[in-house]
Amino acid sequence: MICLGYHVSMDSYAQIEEDKDLKSVGLELMFMTPEKCSSPDGITAVELAKLVNLSVEIVKKKLVILKEKGLVKVKGINPKYWKFNEYNFQRMDEDDETFLLLCSFDDVDFDRFFSY
């Protein structure tokens, strides 16, 4: 029984760890600057989908995951504007799968987010 629970936990960790789409959406929001947003309230899912080259449906699903974790704030109804919640991110459990995913910078090209 204990091993089974461990395997389920490891499987769910592996799924999140390999979720490149969640990582790209999360990192794009994390490093979002006001210049990239059309509104001071944040960015829409459509704009974000264009930035990360994913379908709007996938981006919306990933935004819901990040919202459930408390990592993004949403404002408005139609359109919804999304913004990264730095405060909650800094207070996340360091063993949380999503936290570990967003802190894994091995394959991240930071030139995408910053201009030097």
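Biologist: Which ring does the charged end of Arg-91 sit over?

Modeller: A charge sits over a ring if NZ of Lys or CZ of Arg is within 6 Å of the ring centre and within 35 degrees of the ring normal. Here the ring belongs to Tyr-87, and the charged end of Arg-91 lies 3.7 Å from its centre. Keep in mind that this is a predicted model: local features need pLDDT of at least 70, side-chain atom pairs count only at pLDDT 80 or more, and totals for chains, interfaces and linings use all residues. Residues are numbered from 1 along each chain as its sequence is written, and side-chain values use heavy atoms, without hydrogens and water.

Biologist: How many aromatic pairs does the structure hold?

Modeller: Rings of Phe, Tyr and Trp (its six-membered ring) pair if their centres lie within 6.5 Å; planes under 30 degrees apart are stacked, over 60 edge-to-face, and the rest tilted. The structure holds 2 such pairs. One of them joins Phe-89 and Phe-99: it is tilted, 5.1 Å centre to centre, with 35° between the planes. Phe-89 is in helix α5 (residues 86–90) and Phe-99 in helix α6 (residues 97–102), 10 residues apart. Helices (H or I, at least four residues) and strands (E, at least two) are DSSP runs, numbered from the N terminus. Ring pairs link Phe-84, Phe-89 and Phe-99 into a cluster.

Biologist: Is Phe-89 buried or exposed?

Modeller: Buried means under 20% relative accessible area, exposed over 50%, partly exposed in between (1.4 Å probe, protein chains only). Phe-89 has 9%, so it is buried. Phe-99 is buried too, at 14%.

Biologist: How many residues of helix α2 are buried?

Modeller: Helix α2 (residues 20–30) has 8 of its 11 residues buried, so it is mostly covered. Among them are Leu-22, Lys-23, Glu-28 and Met-30. The buried residues of α2 pack against α3, α4, β1 (72–75), β2 (81–84), α5 and α6.

Biologist: At what angle do α3 and α4 pack?

Modeller: Helix α3 (residues 45–52) and helix α4 (residues 56–68) meet at about 110°, with their axes 9 Å apart. Axes are lines fitted to C-alpha atoms, for helices over the stretch in contact; angles run from 0 to 180 degrees between N-to-C directions. The two helices are therefore roughly perpendicular (65 to 115 degrees; under 35 is roughly parallel, over 145 roughly antiparallel, the rest oblique). Contact (heavy atoms within 4.5 Å) involves Leu-48 and Val-52 of α3 and Val-59 and Leu-63 of α4, among others.

Biologist: Which peptide bond is cis?

Modeller: Most peptide bonds are trans. The bond from Asn-78 to Pro-79 is cis, with omega near 5°. Pro-79 lies in the loop between β1 and β2.
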